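Visitor: I am new to this structure and would like to learn how to read it step by step. Could you take me through it slowly?

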Amino acid sequence: MNTAASDKPHINRDHLLPMLADMIRIRRFEEKCAELYTQEKIRGFLHLYIGEEAVAVGIARGLAPEDAVIATYREHGHALARGISMASVMAEMYGKVTGCSRGRGGSMHLFDEKHRFFGGNAIVAGGLPMAVGLALADKMRGLARVTTCFFGEGAVAEGEFHESMNLAALWQLPVLFVCENNLYAMGTALEISESEQHIYLKARSYGIDAHAVDGMNVVDVEAAARTACSAIREGQGPKFLECKTYRFRGHSMFDTQLYRDKEEIERWQKHGPIVLLQEWMQANHMLLENDVAAIEHRVAAEVAEAVDFAESSALESETELDTDVYTPRRSQ
Amino acid sequence: MTQGTEITYREAVRESIREALLGDERVFLLGEDVGRYGGCYAVTKGLLQEFGPERIRDTPLSESGFMGAGVGAALGGMRPIVEIMTVNFSLLALDQIVNNAATIRHMSGGQFSVPLVIRMATGAGRQLAAQHSHSFECWYAHVPGLKVLVPGTIEDARFMLGMALLDPDPVIIFEHVMLYNETGILPNEAQPVPMEQAVVRRPGKDVSLITYGGSLGKVLSAASQLAGEGIEAEVLDLRCLRPLDTAAIVQTVARTHRAVVVDEGWRTGSLAGEISAIIMEQAFWQLDAPVARVCSKEVPIPYPHHLEQAALPQIPQILATVRQVLEHA
C-alpha cells in the first residue's frame, strides 16, 4: 500500500501553497493556449478547463505514480496535474512530434505512458468502460492500483455511464469515478437534460459509495480523493465523487455562450478555485507577501519555455503518417 | 490418408479458447452467457467449470460496457477475448471498437497497443430474421487499426484465435453461424497458416472464385460441380479481410484471367466491391472478362426460410455467374 498517497492532508502553508501554484500553473497555461488559438498556432477544438482547476489538482493529490488516469477532451489540467511536462503538452497542442502523443492527438487526446495517462477521450462517456477494464486488469493481476476516470455531468446521460457503473460495482473494481459537474453539457443545462440532477445519487443507486464535493474547493476535493483512493487500494471497490464546479469559458473556442448570462458566470468567478484558496490563505495568514508573485513569475517562465519548445520543435514527417496504425512487428 | 480427429467447427473454436486459457494466464473470456449458459452457440460450454468465473466471465447485457472493459483490460496488461453474441449486437459496442480500440495506438503516438481479441457470430441461415443475421465484416474491415479474420474451415477455427492473441493489436474474428455444426478432420500434424494469408483451397485454371467465411463451402461445392462440366475453378479463401492479401488476389487472377467474388454482405459498398477494385487496379491487363460479384440481395434478411435463402448467395447463382463470365471470349 502506498502510504504517501493516503496521508491525511495538512491545512498549512507548506501543503496549500503547492496546490495554489498547481492551479495557477494550469490557469496561465490555458490562458496562453487561448491566446495561441487566436493566433492560429493551435487549431482544431480547444476546450479550456478554466474555473475547474481545483478538481484535477485535488484529485491528483490522491493518486500514486502507479495509478492510471483516463480523462476527457477537456484534460489539459489533468495532464499537467498528473505530472506530464508542460512543454510536451504545449508541443502536442502545436501538433509537433515532441508532443506527448507525437502531435497525433492534439488538445483532446493527450496520452503519456510514463504517467499511465490513458488519454483524453473525445467521445462523451467513452472513457468510462475503458477505466472499468483497466481496473479489472489490476484486480485480476492482484495490483493495488487505482484507475481514476474523469468525465463531465453530460456523460451521465450516456448508456456507457450506466453500463460502467454497474460493471464496476458488480465486479467491485478499483476505480475512482470523478464527475466534473460544471452544469452544462456544451450548451445544454443540467436541468433540461437530467431528471435526477444529483449525479452522485445515480452512482449510489448502483451500490457505489458516492458523494458530492465542492469542486471549487481544492482542499475538499483533495480530502475526498485521498479518502476514496485509500479505500479503493484497500479493496473496498469503486468510489464516486461528484465535484460541483463551473466552466468560466465557453465549451470550446467556437462557443458564443448564448445559453447562459454573464451575471451567472461572474457570480461563479467570484468563488473560483484560485480566488477561493488564495483569499482563504490570506485571511488565515498563510500567504507571504511575495508568494503569489513568485508563483506567477515561475509559471510565466515555464509557459514561455513551453511555447519556445513547441515553436522550435519539428513536425512529424509525412513519411511517418501510417506508422503505429498497427504495432510494428519484430521479425518473427 | 491424413491422420486426424473428427471434430465440429464449434469444438475447434472451443479447443482454441481452452488452449489459450491454459497457455497464458493473462487470457480471459468475457461476454454475455459465455459461462453458466455455455455460450449462445454453445461454443464455450464447459469452460466455466474448467477455468472458473474470473476467467470465463459472464457479463450483463452491456455490449459497449464490456467491450470497453476489454479495451481497458488489454491496455492494463491482460489478453481479453470478448465474445459478442452476434454481429448485429456488436453495433452497440461500435464506439469502443472503432473510436477506442482502433485508434489508441496511432492517436497516442505509438505509446499504447490494444491486444484485444473480439469473437462474434455472423451471417444468415438460421431463420433469425433481420436483427440477428447480417454480415457486417466489411464495416470492420473498413477501419484502419483493426484486423479482421474469417475462419471458414475447421483448421482455421482451431488455430486463428491463438494467432490473434499473439497479435499486439485488436483482432476481430467472425464465426459464421452456419459453420458451427460443420464437421471435419483436424489433421494431427496440422500447421497453422499465418493469419493474414489467403489460401487457395482448390487450384484451377479457368476462373478464380474469391470468397471467405460462410460462403467458402458453397463456393467449393460450386467448383466441384463446375469440374464435372470441365471447368476448373480456383477457389481463393481470403481468411483475413483486413489486411487483405492483395498479392494472392492478383496472383490467382493472373493464373485464371477471370474472377467471381462471392460475398454474403450486401453488394453496395461491399468487400466484393473492394476486391473488384483491387483486381481492376492491379490486374486489369490480366482479365479476359469483367469481374462479377455474387452478393446478398439488398434487403434486411427476412425470417421465412424461402425468403432468407433467396436473399443469400446460392450455388445456382454462383454457377450461372461463372458460366456467364466464361462466355466472354
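**Reading helices, sheets and contacts**

Guide: Helix α2 (residues 13–38) of chain A packs against α12(A) at an angle of about 40 degrees, and their axes are 9 Å apart. This is a predicted model, in which local features need pLDDT of at least 70 and side-chain atom pairs count only at pLDDT 80 or more, while totals for chains, interfaces and linings use all residues. Residues are numbered from 1 along each chain as its sequence is written, and chains are lettered from A and ligands numbered from 1 in the order in which they are written.

Visitor: How is a pair of packed helices described, and what are the terms?

Guide: Two packed helices are described by the angle between their axes and the distance between the axes. Helices (H or I, at least four residues) and strands (E, at least two) are DSSP runs, numbered from the N terminus. Axes are lines fitted to C-alpha atoms, for helices over the stretch in contact, and angles run from 0 to 180 degrees between N-to-C directions. Angles under 35 degrees count as roughly parallel, over 145 as roughly antiparallel, 65 to 115 as roughly perpendicular and the rest as oblique; α2(A) and α12(A) are therefore oblique to each other. Their crossing is right-handed, a crossing being left-handed if the near helix is turned anticlockwise from the far one by less than a right angle, and right-handed if clockwise.

Visitor: Which residues make the contact of α2(A) with α12(A)?

Guide: Residues are in contact if their C-beta atoms, placed from the backbone, lie within 7 Å. On the side of α2(A) the contact includes L17(A), L20(A) and F29(A), and on the side of α12(A) it includes I295(A), V299(A) and V303(A). The contact divides into ten nonpolar, no polar and six charged residues, where Ala, Val, Leu, Ile, Met, Phe, Trp, Tyr, Cys and Pro count as nonpolar, Asp, Glu, Lys and Arg as charged, and the others, Gly among them, as polar.

Visitor: At what angle do α5 and α12 of chain A cross?

Guide: The axes of helix α5 (residues 86–93) and helix α12 (residues 291–312) of chain A cross at roughly 45 degrees and come within 8 Å. The helices α5(A) and α12(A) are therefore oblique to each other, and their crossing is right-handed. Among the residues that meet are M86(A) and M90(A) in α5(A), and V307(A) and F309(A) in α12(A); by class, this contact has ten nonpolar, no polar and two charged residues.

Visitor: How should I read a sheet, and what is the order of the five strands in chain B?

Guide: Two strands pair if DSSP finds at least two bridges between them. In chain B, five strands form an open sheet with mixed pairing, in the order β9-β11-β10-β13-β14. Strands β9 (199–202) and β14 (292–296) of chain B stand at the edges with a single partner strand each, so one side of each has no neighbour in the sheet. Three bridges join β9(B) and β11 (residues 233–237) of chain B in the antiparallel sense, and V199(B) has D237(B) as its bridge partner in β11(B).

Visitor: Which helix lies across β9, β10, β11 and β13 of chain B?

Guide: That is helix α10 (residues 246–256) of chain B, which runs at about 180 degrees to β11(B). Helix α11 (residues 271–283) of chain B lies across β10, β13 and β14 of chain B and runs at about 155 degrees to β13(B).

Visitor: What is the order of the seven strands in the other open sheet of chain B?

Guide: Its order is β3-β2-β4-β5-β7-β6-β12, again with mixed pairing. Strands β3 (56–58) and β12 (240–242) of chain B are the edges, each pairing on one side only. Two bridges join the antiparallel strands β6(B) and β12(B), and L149(B) stands opposite C240(B) in β12(B).

Visitor: How many residues of each chain are in contact between chains A and B?

Guide: 33 residues of chain A are in contact with 36 residues of chain B. On the side of chain A, α6(A) gives the most, with eleven residues.

Visitor: Finally, what about backbone geometry?

Guide: Most residues other than glycine have a negative phi, and most peptide bonds are trans. Here A125(A), in the loop between β2 and α6 of chain A, has a positive phi of about 80 degrees although it is not a glycine. The peptide bond from R242(B) to P243(B) is cis, with omega near -5 degrees, and P243(B) lies in the loop between β12 and α10 of chain B.

Key:
Two residues are in contact if their C-beta atoms, placed from the backbone, lie within 7 Å.
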